[in-house]
Amino acid sequence: MIVYISGILIAGGLFFFLVGSIGMIRLPDFYSRLQAAGIIDTMGLLLSMSGLAILALNEFTLGNFLSALKIIFIVVFVFLTGPTATHAIVDAGIRAGLKPWQKK
Amino acid sequence: MKTLGQITVLFCGGLLLFFTSDFPDFGDANSPASLHLSPYFIENTLKDTAVPNVVTAILADYRGYDTMFETTVILTAGLACFLLLRIPKREVKSRYYLHEPTGVTLRFEGDKYPQKSDVFKRIDSNWVPYDLIINFTCRLLIHFIQIFALYVVAHGHYSPGGGFQGGVVLGASVILFAISGNLRAAIKRFGEKTAALFSAAGVFIYAGTGALCMMIGEHFLNYNFLSPLLGTDRIMARSHGIFIVEIGVAVTVMAVMIWIYYNLSSAGKQDEGL
């Protein structure tokens, strides 16, 4: 049962990874591509990592619990750093004078 | 001079290429490494050194000399960066000061600049305003990064990790501080002299551990004989000896990372920079 739940979660995460990677190639300018990259950081990582954490808890032992905890720590730290990095890059783009793309 | 350098480089490269042909093929089952070395390490590491991680034991114990000179190479890299880039005399043509009440930036030339003023704040020519989000996140994370670095150094006996990796993470935390704030604030906390001293101190810890073994009357870097000093049996003494040596490596790597960053990011001036 747990295997199926984690499988669905990981598949959902991979879907967001796919969407994000297509967006990074197909979207028209710097800022919108960064937005697509942000999707990978947040939704893709959250879903796939929580799937892996649940999979690690398939047999409940101390070691498995610790590895699940470490995976959750990864998610927490990427949630803090990913948006900050995106913010810093967008800030640098604005400061350097890059105009957002507009439909003609 | 340039031709001489090129000839030396080509000669050494040619020698290396020439003697590569004597090496056993990649994955050769009859090479000495796969015949008797690897099985010995896999079977005897735990018995010899009480370290479960074979890689750490080989790196810091069986091949201690190799790692000692690797650490020396890192120190040399830091020194080379320092000698090439550092501008010995600080020539300040102009300084930029932000007048905080009005938000006006002024440029001062020569020796006339406000010293220790409450309203004037010294800024770089490529200064960016204080960003709350970036500063807060970086300040929040630096502690965790440093604790994780210590964990990586101390846990090298049981899991992937060790002195080099932990030292790099530790250095990266200070570099993150310099990037998120400014270079001068970082230099105020971890100065250039500290970096130079620490990078040499790490090599000293490593070589000093070896010399201590020699002074007791045994071979260089043979940690077995540290057991009376550490108060453990001879096998655990090897494990502890590896740990001491890893600390030395971590100190050197951390200091050299920071030192190279200071020199590279400010083009050797260490005054204004990223």
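Okay, let's start with a crossing: helix α3 of chain A and helix α5 of chain B cross in a left-handed way. Keep in mind that this is a predicted model.

So how do you describe a pair like that? Two packed helices are described by the angle between their axes and the distance between those axes.

Who's actually touching? On the α3(A) side you've got A:L80, A:T81, A:T84, A:H87 and A:A88. Over on α5(B), the partners are B:I133, B:I134, B:T137, B:L140 and B:L141. Sort the residues of that contact by class and you get six nonpolar, four polar and no charged.

Now zoom out to the two chains. Seven residues of chain B are in contact with seven residues of chain A. On chain B's side of that, five are nonpolar, one is polar and one is charged.

In soluble globular proteins, nonpolar side chains tend to be buried together. The largest nonpolar core in this model has 44 residues, and the members touching the most others are B:V253, B:M254, B:V256, B:M257 and B:I258. Several helices of chain B each supply at least two residues, among them α4 (64–85), α6 (163–180) and α8 (192–216). Which helix gives the largest share of this core? That's α10(B), with 16 residues.

Take B:M257 as an example: leaving out residues up to four places away in sequence, B:M257 touches B:V168, B:G171 and B:I175.

And there's a second, separate core of six residues, including A:M49, A:L52, A:A68 and A:I71.

Definitions and conventions:
Residues numbered from 1 in each chain as written. Chains lettered and ligands numbered in written order. Predicted model: local features only at pLDDT ≥ 70, side-chain atom pairs only at ≥ 80, totals over all residues. Left-handed = near helix turned anticlockwise from the far one by under 90°. Helix = DSSP H or I, 4+ residues; strand = E, 2+ residues; numbered from the N terminus. Contact = placed C-beta atoms within 7 Å. Nonpolar A, V, L, I, M, F, W, Y, C, P; charged D, E, K, R; others polar. Core = buried A, V, L, I, M, F, W, Y, C linked by C-beta atoms within 7 Å. Buried ≥ 20, exposed ≤ 12 C-beta atoms within 10 Å, placed from the backbone.
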